[in-house]
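Welcome, and please take a moment to look over the model below.

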Amino acid sequence: MTKHTVEKTPVTLLGLGTMGTALARAWLAAGHPLTVWNRTPARAEALAAEGARVADSAAEAVAANTLIVVCLLDETSVDEVLAGADLAGRDLVDLTTGTPAQARERAAWARERGARYLDGGIMAVPPMIGVPEAGGYVFYSGSPDLFERHRETLAVPAGTTYVGADAGFAALHDVALLSAMYGMFAGAAHAFALIRKEDIDPAAFAPLLADWLVAMAPAVHQTAEQLRSGDYTKGVVSHLAMQVAGTPTFLSTAEQQGVSPELLSPYFELMRRRLAQGSGEEDLTGVIDLLVH
């Protein structure tokens with residue numbers, strides 16, 4: 001029997017915070033030769049014992065391999081770390097959290113230095129990395145050819161979702177989803193505040209809240225279809241006029257429960273403004289147009 005060995009793509013990883021360390025361990029476990037560097041060398045010691053090569057400088061780490069993955073605190077850190085590195089001919093993948101504009105600027109910056117570029121937005125927390133069943137994934141945007149070249153390697157720590165050649169799209173998808181998450185957290189916070197002073201067990205209330213949020217989540221598909229078609233009255237069940245008429249009940253309940261309405265009031269105000277434009281038969285989709293400058 002002949003034994004075939006599949007050569008794994010070598011990876012250089014710059015940045016060994018909690019997320020960077022999780023990424024490193026996933027690549028090592030999958031058999032990828034890994035070179036690492038961190039501003040605080042002590043963080044690399046455990047990875048060295050697990051088989052990683054520790055570079056003395058970021059420039060040395062970049063020189064070691066073609067595929068360079070950066071996972072640092074912010075884009076200022078990326079500037080500082082890569083300042084003395086020769087990026088010519090390198091494939092740079094930036095997983096540092098930033099804005100779409102920063103990603104586009106980084107793509108141009110990389111091109112000027114002879115590097116190919118992908119931007120990434122990690123939709124996972126460190127314990128989800130290297131655990132496929134956890135459902136974590138990373139948005140990637142930038143060169144489609146570069147993504148295809150390294151897709152299998154990039155898929156080792158977490159799933160991959162390519163969202164376009166515009167380098168800013170990964171960051172935009174990342175922030176858009178996280179913004180929706182914080183909006184959900186805001187609604188949940190208000191809900192828990194309403195019952196806070198009552199003889200209601202929050203642990204018993206939580207499953208009801210979670211199930212309700214899950215049941216409401218598919219509404220985003222109707223919103224998307226209305227935005228695509230431009231018809232905000234299509235498929236409406238509870239139109240805007242009816243929902244605006246119901247908002248005083250929510251505000252009165254909050255007042256009676258001694259709860260600030262500050263998490264709900266801005267959205268209710270947008271609903272009232274949209275209704276004032278004469279769009280009472282619409283869904284809530286028109287609120288989106290008020291948000292866009």
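Leu14 stands opposite Trp37 in strand S2. Strand S1 (residues 11-14) and S2 run parallel and are joined by four bridges; strands count as paired if DSSP finds at least two bridges between them. Between S1 and S2 the chain passes through helix H1 (residues 18-29), in a right-handed β-α-β crossover. Right-handed here means that, with the strands pointing away from the viewer, the path from the first strand over the helix to the second runs clockwise. This is a predicted model, where local features need pLDDT of at least 70, side-chain atom pairs count only at pLDDT 80 or more, and totals for chains, interfaces and linings use all residues. Residues are numbered from 1 along each chain as its sequence is written, and side-chain values use heavy atoms, without hydrogens and water.

S2 also runs parallel to strand S3, and two bridges join them. Val36 has Val54 as its bridge partner in S3.

| Strand pair | Bridges |
|---|---|
| S1 and S2 | four bridges |
| S2 and S3 (residues 53-54) | two bridges |

Which way do the residues of S2 (residues 34-37) point? Leu34 and Val36 point one way, Thr35 and Trp37 the other, and all are buried (under 20% relative accessible area). In a regular strand, side chains alternate between the two faces of the sheet.

Now to the surface. Tyr182 lies in helix H7 and is exposed, because its relative accessible area is 56% (exposed means over 50%). Helix H7 (169-195) and helix H8 (202-216) each supply at least two residues of a nonpolar patch, and H7 gives the most, with four residues.

Definitions and conventions:
Buried means under 20% relative accessible area, exposed over 50%, partly exposed in between (1.4 Å probe, protein chains only).
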